[in-house]
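Okay, thanks everyone, let's get going. Have a look at this one on the screen while I talk you through it.

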Amino acid sequence: MILTEVQGRAGVIRLNRPAALNALCDQLMGELGEALGRFDADPAIAAIVLTGSERAFAAGADIKEMQNRRFPGTYLHDFIGARWEAVLTVRKPVIAAVAGFALGGGCELAMMCDLILAAETAKFGQPEINLGIIPGAGGSQRLTHAIGKSKAMEMVLTGRMMNAEEAERAGLVARVVPAESLVSEAVALAEKIGGLSAPAVAMAKEAVNAAFELPLREGVRLERRLFLGLFGTEGQKEGMAAFLEKRKPRF
Ligand code: CO8
């Protein structure tokens with residue numbers, strides 16, 4: 001249910017369940033977790049690009065699979081659990097390249113990535129309320145962090161979708177690009193990251209993500225420790241020497 005390929009320093013993972021608009025069923029999430037783990041462990045890969053089709057990044061968790069679930073079973077077997085959070089354990093930057101629908105669990109999966117690039121065709125939404133449920137994989141929290149309370153509340157309460165332009169204005173996505181160059185823009189970003197000092201990249205990711213989890217004071221402390229730690233790396237020596245010698249750094 002997924003396709004993988006290596007493009008330069010980017011590991012590209014494409015969700016590939018077109019008949020169901022990439023609805024995120026158990027099997028797909030299992031395959032996704034394996035692919036993420038493989039690329040994360042591969043030293044030739046600098047960053048991971050996660051994308052879907054032109055029509056849908058993912059139209060949510062699989063409603064057919066969820067329909068007959070009952071509370072005790074879902075709770076005991078933790079059906080959201082580790083499978084859904086595999087992307088959060090990846091140490092390399094993960095770029096979501098979103099075209100078409102990113103709804104429900106699809107929007108939540110995109111928001112678990114480190115940043116979102118959107119095609120002009122992208123549509124984001126948390127329509128769970130129309131199914132008699134609410135977001136269950138972090139949507140109410142990450143969307144609120146990303147776009148603020150009023151907009152998030154409106155979307156979660158009514159299921160209203162947001163187009164790419166509004167998503168960029170609201171701060172949900174880093175950039176909007178033409179649909180035909182969505183993946184190549186994401187790969188170019190991965191290439192750029194691949195040319196930088198790997199420890200600095202890993203620590204930059206850790207520091208920014210900590211802003212979502214730690215109080216300001218703790219976040220600033222963590223940043224300081226990571227910053228100071230980078231003075232023990234070759235990357236810092238090379239980066240600063242190259243600047244002063246007026247040449248390009250070789251990390
Ligand atoms: N689950 C299962 N099948 C889906 C889903 C889905 N989420 N979305 C679309 N499909 C299927 C349709 O059933 C249809 O299949 P079939 O051809 O066999 O009938 C096929 O994909 C094409 O869909 P449509 O015919 O509906 O296409 P349209 O272009 O008319 O509409 C929409 C596109 C607007 C995206 C529409 O399909 C839609 O509204 N989909 C559902 C969106 C939704 O409600 N998503 C939220 C799901 S709940 C959720 O994600 C909770 C996450 C909680 C955390 C995770 C826990 C595991």
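K246 sits in the segment after α12 (234-244), where helices are DSSP runs of H or I with at least four residues, strands are runs of E with at least two, and both are numbered from the N terminus. Its phi is near 55°, a positive value in a residue other than glycine. Most residues other than glycine have a negative phi. K246 is exposed, because its relative accessible area is 78%; exposed means over 50%, buried under 20%, and partly exposed in between, with a 1.4 Å probe and protein chains only.

Quick housekeeping: this is a predicted model, where local features need pLDDT of at least 70, side-chain atom pairs count only at pLDDT 80 or more, and totals for chains, interfaces and linings use all residues. Residues are numbered from 1 along each chain as its sequence is written, and side-chain values use heavy atoms, with hydrogens and water left out.

L21 also has a positive phi, near 50°, and is not a glycine. L21 is in the loop between β2 and α1. A19 is found in the loop between β2 (10-15) and α1 (26-41), and A19 counts as exposed because its relative accessibility is 87%. From A19 to A210, 191 residues along the chain, the C-alpha atoms are separated by 37 Å.

Now zoom out. The protein chain has twelve helices and ten strands. Its C-alpha trace spans about 65 × 40 × 35 Å along the principal axes. For 251 residues, a compact globule would have a radius of gyration near 18 Å, and the chain's 19 Å agrees with that; the radius is taken over C-alpha atoms, and the globule rule is 2.2 Å times the number of residues to the power 0.38. Of the 251 residues, 42% count as buried. Of the contacts (heavy atoms within 4.5 Å) with a separation of 6 or more, 66% are between residues 24 or more positions apart.

On to the ligand. Which residues come nearest to it? Of the 24 around it, they are R55, A59, A61, I63 and G105, with near meaning a heavy atom within 4 Å. The shell divides into 16 nonpolar, four polar and four charged residues. Here Ala, Val, Leu, Ile, Met, Phe, Trp, Tyr, Cys and Pro are nonpolar, Asp, Glu, Lys and Arg charged, and the others, Gly among them, polar. α2 (63-66), β6 (101-103) and α5 (105-112) each supply at least two shell residues.

A polar backbone atom of I63 is 2.9 Å from a ligand nitrogen, and a backbone N or O of G105 lies 2.8 Å from a ligand oxygen. Taken alone, the ligand exposes 1100 Å², and the protein buries 66% of that; areas come from Shrake-Rupley with a 1.4 Å probe, and for residues only the protein chains shown count as cover.

Last stop, G105, which is in helix α5. Buried or exposed? G105 counts as buried, because its relative accessibility is 5%. Leaving out residues up to four places away in sequence, G105 touches L24, G60, A61, W84 and E128. Its C-alpha is 7.6 Å from that of A58, 47 residues apart along the chain. Eight of the eight residues of α5 are buried, so the helix is largely enclosed by the rest of the structure.

Definitions and conventions:
A polar contact is a pair of N or O atoms within 3.5 Å; within protein, one must be able to donate a hydrogen and the other to accept it, and residues adjacent in sequence count only if both atoms are side-chain atoms.
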